[in-house]
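This report goes through selected helices, a surface patch and the charged pairs of one protein model. Please keep the sequence and the structure at hand while reading.

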Amino acid sequence: MKKLQIHVGMRTLKTAIVVMLVLLVYHFVDRPASVPALAAVFALREDWDNTIQFAKIRLLSNSVGGFFSLLYFLIREFTHHNSWMPIVIIPVFVICTIVILNALNCSLGIVGGLAALLLIALTIPMDATIDYVFLRIVDTFIGVLFAIGVNYFGIPEQETN
């Protein structure tokens, strides 16, 4: 029987640190940390170059997903919160997000773009204003910036070997 080996590497520690920092900052601004924490985890990679490359992909994909979540909010308001609307509109926006990200040669960002779209669109409270959607989009960008910062100031992977 094979022995279970546990490895806690630098990327694991950086991921924990970036989540802790997001939780700490959002605790003091009294806002939910789920969106920026997820964005930070998605963006954080094993080294600086990969983090920057993936952060660019993440920012583009979040912009597309955020745009469609904003459009969803506007349609939802226009249709007076009809219960059928999300069942029809959200799948159409999933298709649009995938098609646009593929057209922009950003297929690596599809999951992130869909995560942004679905997380924002499906958590909009009924009494929310358009500010809610913009703040969620900004939260995603903040999470990516946290990941960049932690990877920039953290110990580079090659120095830990």
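## Basis

The expected span of a helix is 1.5 Å times one less than its number of residues. The model discussed here is predicted.

## Helix α1 and the segment before it

Helix α1 covers residues 10-28, which is 19 residues. From first C-alpha to last, α1 reaches 27 Å, close to the 27 Å expected at 1.5 Å a residue. M10, K14, V18, V22 and Y26 are the buried residues of α1. These residues cover an arc of only 130° around the axis, which puts them on the same side of α1. The face turned away from this buried side carries two exposed residues, H27 and F28. Just after α1, D30 takes a positive phi of about 55°.

A nonpolar patch on the surface is formed by L4, I6, V8, L13, I17 and M20. Together these residues have about 650 Å² of accessible area. I6 is found in the segment before α1 and is exposed, with a relative accessible area of 73%; the cut-off for exposed is over 50%.

## Helix α4

Helix α4 runs over residues 85-103 and has 19 residues. Its reach from the first C-alpha to the last is 27 Å, close to the 27 Å expected at 1.5 Å a residue. Buried in α4 are M85, I89, I90, F93, V94, T97 and L101. Seen down the axis of α4, the buried residues fall within an arc of 145°, so they line one face of the helix.

What do the buried residues of α4 pack against? Their partners are α3 (48-78) and α5 (110-121). On the face turned away from the buried side, α4 carries the exposed residues I87, I95, V99 and A103.

## Salt bridges

Side chains of opposite charge can pair when their charged atoms come close. The structure holds four salt bridges. In one of them, the side chains of E46 and R11 meet at 3.6 Å, N to O. E46 lies in the loop between α2 (34-43) and α3, and R11 in helix α1, so the pair ties together parts that are 35 residues apart in sequence. E46 is partly exposed, with a relative accessible area of 31%, and R11 is also partly exposed, at 32%.

Another salt bridge joins the side chains of E77 and R76 (3.5 Å, N to O).

R136 lies in helix α6 (residues 130-153). Its relative accessible area is 7%, so R136 is buried; the cut-off for buried is under 20%. Leaving aside neighbours within four places in sequence, R136 is in contact with R31, P32, V35 and I120.

The side chain of R136 meets that of D139 in a salt bridge (3.4 Å, N to O). D139 and R136 are three residues apart in helix α6, so about one helical turn separates them. Both D139 and R136 are buried. Salt bridges that share partners join R31, R136 and D139 into one network.

Terms used
Residues numbered from 1 in each chain as written. Predicted model: local features only at pLDDT ≥ 70, side-chain atom pairs only at ≥ 80, totals over all residues. Heavy atoms only, no water. Helix = DSSP H or I, 4+ residues; strand = E, 2+ residues; numbered from the N terminus. Buried < 20%, exposed > 50% of the residue type's maximum accessible area, 1.4 Å probe, protein only. Arc of directions from axis to C-beta. Contact = heavy atoms within 4.5 Å. Patch = residues over 30% accessible without salt bridge, like charges linked within 9 Å, V, L, I, M, F, W, Y side chains within 5 Å. Areas by Shrake-Rupley, 256 points an atom, 1.4 Å probe, with all protein chains shown as cover.
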